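Dear colleague,

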Amino acid sequence: MYFRKKTAGGRVYLQIAESRRVGGQVRQRVIATLGRLDVLAASGQLERLLRSGVRFATQAMVLSAAQDDPTAAVRRIGPALVFERLWAETGCRAVIEDVAKERKHGCALERAIFLTVLHRLMGGGSDLAADRWREDYRIAGAEALGLHHLYRAMAWLGEELAATEQDARTPFAPRCTKDLVEERLFAHRRDLFSRLDLVFMDTTSLYFEGAGGQTLGRHGHSKDHRPDLPQMILAVLIDGDGRPVCSEMWPGNVADVTTLIPVIDRLRRRFAIGRICVVADRGMLSAETIAELEARELLYLLGTRERTDKVVRDVVLADSEPCVPLTITRRGHEIDYEAKAVTIGSRRYILCRNHQEAERDATTREAILANLERQLAKGDKALVGNTGFRRFLKTEGHGHFAIDTTKAEADAKFDGVFVLRTNTDLDPLAAMLRYKQLWTVEATFRTAKHLLATRPIFHKLDETIRGHVFCSFLALVLKAELEQRIAALGRNGSWSEILADLDSLTETELAHDGRRFLVRAAPRPAASLALRAAGVALPPTVQALAAD
């Protein structure tokens with residue numbers, strides 16, 4: 001039904017009409033003629049009629065008011081709806097509240113930490129940026145927080161524990177409040193029948209724009225290619241289900257090969273675990289490390305340096321035994337692998353090859369050689385500084401360069417190859433698949449450094465730096481939880497689309513006819529998927545607020 005004007009005899013009348021289908025035609029039918037429009041308006045009868053109908057059409061009137069009111073207050077509600085639920089169900093909220101109870105604080109530390117973690121998930125950046133960012137979001141309990149509360153929460157998370165609680169420290173990192181949080185989070189998960197028999201570990205460097213604290217900021221090998229800046233090292237350990245277990249932080253001049261054993265020793269003491277299998281990349285590998293792992297009767301699956309390890313390069317890669325093939329479907333694409341075990345004395349190696357990667361390596365080398373030929377035709381002086389070219393060059397008379405075909409042929413044996421060293425009795429394909437799970441950790445670091453934007457780190461004290469970085473770890477916990485719940489639904493969700501769609505879910509507060517309402521926007525598809533996975537119901541489209 002609708003209102004319409006009808007002109008007759010020079011006068012305008014107001015009618016209520018409806019449209020209906022008769023046969024194949026749409027017909028209009030007048031239900032009632034209310035009277036002359038000018039008389040109705042002058043007498044106030046039209047206003048009274050519409051006002052009496054509003055109580056039966058509040059939603060439509062409020063939505064209309066929302067479109068017409070440019071001053072309405074808009075807040076984003078999607079991120080808090082989803083991640084507040086996960087924050088509670090992963091145990092983060094209860095654990096932090098419980099640890100915080102042990103000391104008296106003048107602010108809600110749990111709310112300050114949740115705000116910081118949510119900011120990391122949705123955009124990331126400094127604590128100052130988080131304080132400004134929250135103004136556009138509806139986050140329960142965050143209204144009374146100030147920037148100094150965020151700083152205080154970071155310092156509390158990274159605060160060193162008392163000397164009597166330093167038993168499980170490593171030579172390069174003290175035990176802090178954040179360690180208590182990690183241990184109690186793991187205990188919460190263990191209550192849900194989880195096991196920790198497979199541990200993946202990888203490290204990365206995080207550089208500082210500032211001094212980098214009292215001890216953390218040191219110059220070392222930079223994986224960010226910023227050797228000019230002080231840095232710290234961050235390690236994340238992930239279990240076999242892809243869930244973050246704990247994080248470790250130490251000064252930026254500590255070499256990776258010296259960290260694995262202390263971290264594993266600490267891990268076993270902190271989480272009261274017995275026999276585990278350690279999976280780590282080639283940066284952790286050394287003869288001393290392997291000897292220590294075997295002395296502790298720990299299983300390991302470690303990447304090797306195929307090009308620089310003489311045994312791997314000259315013996316393992318030259319083994320003539322056939323490999324066992326395996327095809328894996330990943331994101332709709334088939335990937336062809338093969339693997340075999342090669343035993344040399346007491347050492348056991350797993351030789352693996354990715355055929356698609358091998359084709360890409362061969363294509364890249366052919367492109368380099370073709371470009372090299374073109375450059376040599378122009379003159380060879382500029383080629384000396386190009387490492388991509390130099391590895392395929394040899395010198396000839398009078399200091400000139402030429403392509404070394406022997407080097408190019410030798411390089412081909414590394415195409416698509418990666419070699420593992422292990423003391424497990426896993427069959428080659430199973431060992432390869434276990435090691436491939438380590439790439440989950442590497443993806444975690446890419447997420448931590450880019451998606452979660454751990455940087456910039458401007459804090460001046462070790463404790464606030466540790467707290468700042470640990471909030472990124474907690475964000476990874478929530479991200480992993482949501483992704484696993486989405487996978488349990490049999491769905492795949494683009495993380496960037498999920499964040500964008502959650503960010504677009506808004507709630508508008510406006511006034512109409514002396515009353516206040518909240519009007520919710522419609523969710524986009526990725527937001528609907530995240531809400532369903534988290535088990536969160538949307539608030540009503542229009543919700544009346546209680547009078548002040």
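The charged end of lysine 479 sits over the ring of tryptophan 495, 5.1 Å from the ring centre, where "over a ring" requires NZ of Lys or CZ of Arg within 6 Å of the ring centre and within 35 degrees of the ring normal. Arginine 226 likewise lies over the face of tyrosine 207, at 5.5 Å from the centre of that ring.

Please bear in mind that this is a predicted model, in which local features need pLDDT of at least 70 and side-chain atom pairs count only at pLDDT 80 or more, while totals for chains, interfaces and linings use all residues. Residues are numbered from 1 along each chain as its sequence is written, and side-chain values use heavy atoms, with hydrogens and water left out.

The structure holds 37 salt bridges, each being a side-chain nitrogen of Lys or Arg within 4 Å of a carboxyl oxygen of Asp or Glu. In one of them arginine 243 meets glutamate 481 at 2.6 Å, N to O; because arginine 243 lies in the loop between strands E6 (231-239) and E7 (244-251) and glutamate 481 in helix H18 (residues 462-488), the pair ties together parts that are 238 residues apart in sequence. Helices (H or I, at least four residues) and strands (E, at least two) are DSSP runs, numbered from the N terminus. Arginine 243 is partly exposed, with a relative accessible area of 22%, whereas glutamate 481, at 12%, counts as buried; buried means under 20%, exposed over 50% and partly exposed in between, with a 1.4 Å probe and protein chains only.

Aspartate 411 and arginine 307 form another salt bridge, at 2.8 Å, N to O. Aspartate 411 belongs to helix H15 (residues 405-411) and arginine 307 to the loop between strand E9 (299-303) and helix H12 (310-316), so this pair joins parts 104 residues apart in sequence. Here aspartate 411 is buried at 8% relative accessibility, and arginine 307 is partly exposed at 45%.

As for the second largest pocket, its lining includes at least two residues from each of helix H13 (355-378), strand E15 (417-422) and helix H17 (438-451), with H13 giving the most, four residues.

Best regards
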